[in-house]
Amino acid sequence: MNLFRSEEHIERWLGDRPGGATITVAKLSDLAHAWWDDRLSPRWRPRGRDESQAILDRLGLAGDFWRLA
Amino acid sequence: MEPPDLHLRNLTYALFVANGRAPSAEEVARDAGVDTDDVHAGWRRLHDLHALVLSPETAEIRMANPFSAVPSAYRVRAGGRWWYANCAWDAFGVCAALQVDGVIETSCPDCAEPITVDVCDQAPGDRSLLFHCLVPAAHWWDDIVFT
């Protein structure tokens, strides 16, 4: 799960390996804040798979790649 | 998750943030007033629930996501300290968890050029960068360190 300067850098880094999914850093920031912002709250509770999937879905991260199971 | 394990988890995270590093099992045991063996047993249950990640070699904390207990390619300046994050996602997660602005420092895995990203009001300053996730979501926990 890395940051790259451009799509060209990703392609070169992948070489012959199959690629995964690419999103903008703005989307990544939205995802990280939705995913982690309760992590230090005393009210934190374990999140179920459906709740985690709902975060991905809400951010438009659709398709088989983003299905948690 | 049973209440004692939830308490252990929250205490572990609190000590991580307070000290700027992962606490040892002895430190957590001392703070909780329990035996070190109890901490290790609780950490193992939390590891199995993906609530934290233990080092297979030492049974100490390897990840308290988004924080990394070991140096990584993602350094984050946030809340007056430098932190290590497990990946790019977690680097933004450090700012999210601490609920502060920050600065992420890493390098492009392709060209090795330094990358610095300011995070202000939950948004990246440089919006030209891209994030690539190699492993499909269904397999993230198959090998979370590789992911």
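## Exercises on a predicted model

E7(B) and E8(B) make a hairpin with two residues between them, and B:Asp121 in the turn has a positive phi of about 50 degrees. Keep in mind that this is a predicted model.

**Exercise 1.** Work out which strands pair with E7(B), and how they run.

*Solution.* Start with strand E6 (residues 102-107) of chain B: six bridges join it to E7(B), and the two run antiparallel. One pair to look up is B:Thr106, whose bridge partner in E7(B) is B:Ile115. Between E6(B) and E7(B) there's a hairpin with six residues between the strands, where B:Ala112 takes a positive phi near 70 degrees. Next, go to strand E8 (residues 123-124) of chain B, joined to E7(B) by two bridges, again antiparallel. Here B:Val119 stands opposite B:Pro124.

**Exercise 2.** Sort the residues of strand E7 (residues 114-120) of chain B by face, covered or uncovered.

*Solution.* The covered face holds B:Ile115, B:Val117 and B:Val119. That leaves B:Pro114, B:Thr116, B:Asp118 and B:Cys120 for the uncovered face.

**Exercise 3.** Decide whether B:Ala91 is buried or exposed, and find what it touches.

*Solution.* Then count: B:Ala91 has 33 C-beta neighbours inside 10 Å, and the cut-off is 20 or more, so it counts as buried. Now list its contacts, skipping residues up to four places away in sequence: B:Tyr74, B:Val76, B:Ala85 and B:Ile104. For a sense of distance, the C-alpha atoms of B:Ala91 and B:Arg81 are 13 Å apart, with the two residues 10 apart along the chain.

**Exercise 4.** Describe the largest nonpolar core.

*Solution.* This core has 50 residues, and B:Val76, B:Ala85 and B:Val94 have the most contacts inside it. H4(B) gives the most to the core, with nine residues. Both domain 1 (3-64) and domain 2 (71-147) of chain B supply at least three residues each. Zoom in on B:Val94: leaving aside neighbours within four places in sequence, its contacts include B:Phe67, B:Val76, B:Trp83 and B:Ala85. As background, nonpolar side chains tend to be buried together in soluble globular proteins.

Technical notes
Residues numbered from 1 in each chain as written. Chains lettered and ligands numbered in written order. Predicted model: local features only at pLDDT ≥ 70, side-chain atom pairs only at ≥ 80, totals over all residues. Buried ≥ 20, exposed ≤ 12 C-beta atoms within 10 Å, placed from the backbone. Contact = placed C-beta atoms within 7 Å. Helix = DSSP H or I, 4+ residues; strand = E, 2+ residues; numbered from the N terminus. Pairing = 2+ DSSP bridges. Core = buried A, V, L, I, M, F, W, Y, C linked by C-beta atoms within 7 Å. Domains from an automatic or database assignment.
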